[in-house]
Amino acid sequence: RTRTRTRTRTRTATPSPSPSPSPDPRPLSLGQARSPSPGAMRPLAALALLATTAGAPKAPPAWARGGDGWQAWIDAAGAEGLPLRAGEAQTWDAPVNHSDPSAGTFQQRWYENTEYYKPGGPVLFEFGGEAPVSGPPGGYLATLAQERGAMLVQVEHRFYGESIPLGNVDTPTLRLLTVNQALADYADFIKWYTADLTERYPEAKGSFPFFVFGGSYPGALSAWFMVLYPELAKGSLSSSGVVDAVYEFTAFDAHVAGAVGEACADQVRQSTAAFDQALRGGDPEAAAAAKAIWGLGPDFLDADFFYMLADGVAMMVQYGAKETLCSELAAFAARDPEPSAEAIMENTRDIVLQYWGEDFAQGCFYDTACLRDPKQYVAGATDRSWRWQKCYELAYLQTAPASGSLRSDALDLDALLTQCESVFGQGYADPSTEAINDEFGGAKPYTRNVFYSDFSDDPWMEASFDGKFASDEQPYDYAVCDGCGHCRDLHAPDASDPQPVKDLRAAFEKYMDAWLAA
């Protein structure tokens, strides 16, 4: 693999002051979404709870589980109706390399919940993704299982958690961490699991119709699975599925700016400018001081710092907490109309760390030096494995837009590719997005019986299915509602859910039931 910087595949978006899209941004197949009236601003602590108890977004990533956002998600998970049963971890012998049977097998972890199963009912299979798995599917899938007498099962993705081929995540071994290897794992598991269920439930007479689910990257996997293995599943829900592997992803930042509105976006830009001046203004003491307030040393790379800063803010919008972010920024501006740069930086730090946890910036995920050091990174953690997938195959490289950017323009394509090469070595800084998109279809996957769902505040929707291709074979629904973030449909239904989310779920269930019956 040789390094190149000339690739130009991008997805771009134009920021707007409203989360609502243009009048007909992506034609829908069913369930036209509706915009609610904007809510009033509330204090940080109350908003953190509100954003989750009304139907939380997808769980925050492992490195962001120490603050109000994570605690509120836990509280919401316990209040959403059906219990999340831990289940007993099991393993099966998965091939290390599906292209080389002589490579042997590894122990791949999986969980099931048989509580709702009735012989002849479907098997709801949630694909593991870029994080360890700790139990069977819960939330919305558990609701569907209870209503339909279904089996619930989830398999951990290779190279995450305890499912580590060859027992390490060294660069040569990580060449086995690809989309095709992961999809082959899930295909072979279905065959193995079907045989296992046939022995355990002879009264089902071999009828175990599978329906596959995923959110975010696993949402893409669930769609791509139907491209390669349509004979193994009746259909798929691709929730916030990032099926379009975008090389230079400027649209991510632009979407965040549009979701929060111009006033809030300007306050974020003010914060970024303060950190930009401190780190890039030529004063080493100022740069060290700006990093120190996050608990970071002066040697923490500038590009790593700006990636962390941008993520800390964008993730609040992505996970449904834009009102928390914007109300806190507005309150700060009201208290101090002419703040110093130091006060601006400290306020941003306080908001981010309050929501994501005191050690949000200090782990391995954003630290290039940690990610490349076998004595520091942990095999199976999201950090190195997910960075590999981005650098080697999927990209989604979130660069700063040319104008109106919320993130520092230090995050250009060169900086992000340099991070890849620094972590994995020379030659590993050219994600093969063209190959992925050519194989699976990009924004219009080459398949059928996949339902795609997106949500208006989620910047990842810019790498999702393109709704202009929606049909009864590949239906699409786009829920427009304030606070509706990443994978909003995957948590258990609640009476307080926004109407567009309720409508989206109803539309999906009509398709799911029809595909299962076919």
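**Contacts and overall make-up**

I looked up contacts along the protein chain: among those between residues at least 6 apart in sequence, 75% join residues at least 24 apart. Contact here means heavy atoms within 4.5 Å. This is a predicted model, where local features need pLDDT of at least 70, side-chain atom pairs count only at pLDDT 80 or more, and totals for chains, interfaces and linings use all residues. Residues are numbered from 1 along each chain as its sequence is written, and side-chain values use heavy atoms, with hydrogens and water left out.

I noted 17 helices and eight strands in the protein chain. Helices (H or I, at least four residues) and strands (E, at least two) are DSSP runs, numbered from the N terminus. The chain has 518 residues, and 61% of them count as buried. Buried means under 20% relative accessible area, exposed over 50%, and partly exposed in between (1.4 Å probe, protein chains only). I read the accessible surface of the protein chain as about 19300 Å², with 50% belonging to carbon and sulfur atoms. The areas come from the Shrake-Rupley method with a 1.4 Å probe; for residues, only the protein chains shown count as cover.

**Nonpolar cores**

Next I looked at the cores. A nonpolar core is a set of buried Ala, Val, Leu, Ile, Met, Phe, Trp, Tyr and Cys residues joined through side-chain atoms within 4.5 Å. The largest has 131 residues. Which members touch the most others? They are Phe 125, Trp 224, Phe 225, Trp 294, Phe 305 and Phe 360. Helix H10 (residues 302–318) gives the most to this core, with 11 residues. Domain 1 (81–244 + 440–517) and domain 2 (250–431) each supply at least three residues to this core. Those bounds come from an automatic or database domain assignment.

Beyond its neighbours within four places in sequence, Phe 360 contacts Trp 63, Ala 64, Met 308, Asp 311, Gly 312, Met 315, Val 352, Leu 353 and Tyr 366.

**Disulfides**

I counted four disulfides, a disulfide being a pair of cysteine sulfur atoms within 2.5 Å. With the bonded cysteines numbered in sequence order, the pairing is 1-2, 3-4, 5-6, 7-8.

- Cys 264 is joined to Cys 326, S to S 2.1 Å. The S-S torsion is about -90 degrees, so this disulfide is left-handed. The pair links distant parts of the chain, with Cys 264 in helix H8 (residues 262–280) and Cys 326 in helix H11 (residues 322–335), 62 residues apart. Both Cys 264 and Cys 326 are buried.
- Cys 364 is joined to Cys 370, S to S 2.0 Å. Here the torsion is about -110 degrees, so the disulfide is left-handed. Both Cys 364 and Cys 370 are buried.
- Cys 481 and Cys 484 have sulfur atoms 1.9 Å apart. At -105 degrees about the S-S bond, their link is left-handed. Cys 481 is buried at 1% relative accessible area, and Cys 484 is buried at 0%.

**Helix H8**

I went back to H8. H8 has 19 residues and reaches 26 Å from first to last C-alpha, close to the 27 Å expected at 1.5 Å a residue. The expected span is 1.5 Å times one less than the number of residues. Its buried residues include Val 268, Phe 275 and Leu 279. What do the buried residues of H8 pack against? I found helix H7 (250–260), helix H9 (284–292), H10, H11 and helix H12 (341–356). Just after H8, Gly 282 takes a positive phi of about 95 degrees.

Most residues other than glycine have a negative phi. I noted Lys 205, with a positive phi of about 55 degrees although it is not a glycine. Lys 205 is in the loop between helix H5 (179–200) and strand E5 (210–215). Is Lys 205 buried or exposed? Lys 205 is exposed, because its relative accessible area is 77%.

I also noted Cys 487, not a glycine, with a positive phi of about 55 degrees. Cys 487 lies in the loop between strand E8 (476–479) and helix H17 (499–517). Cys 487 counts as buried, because its relative accessibility is 0%.

**Ala 145**

Last, I checked Ala 145 in helix H3 (residues 139–148). Ala 145 is buried, with a relative accessible area of 0%. Beyond residues up to four places away in sequence, Ala 145 touches Tyr 116, Leu 124, Ala 150 and Leu 152. The C-alpha atoms of Ala 145 and Val 123 are separated by 8.4 Å, and the two residues are 22 apart along the chain.
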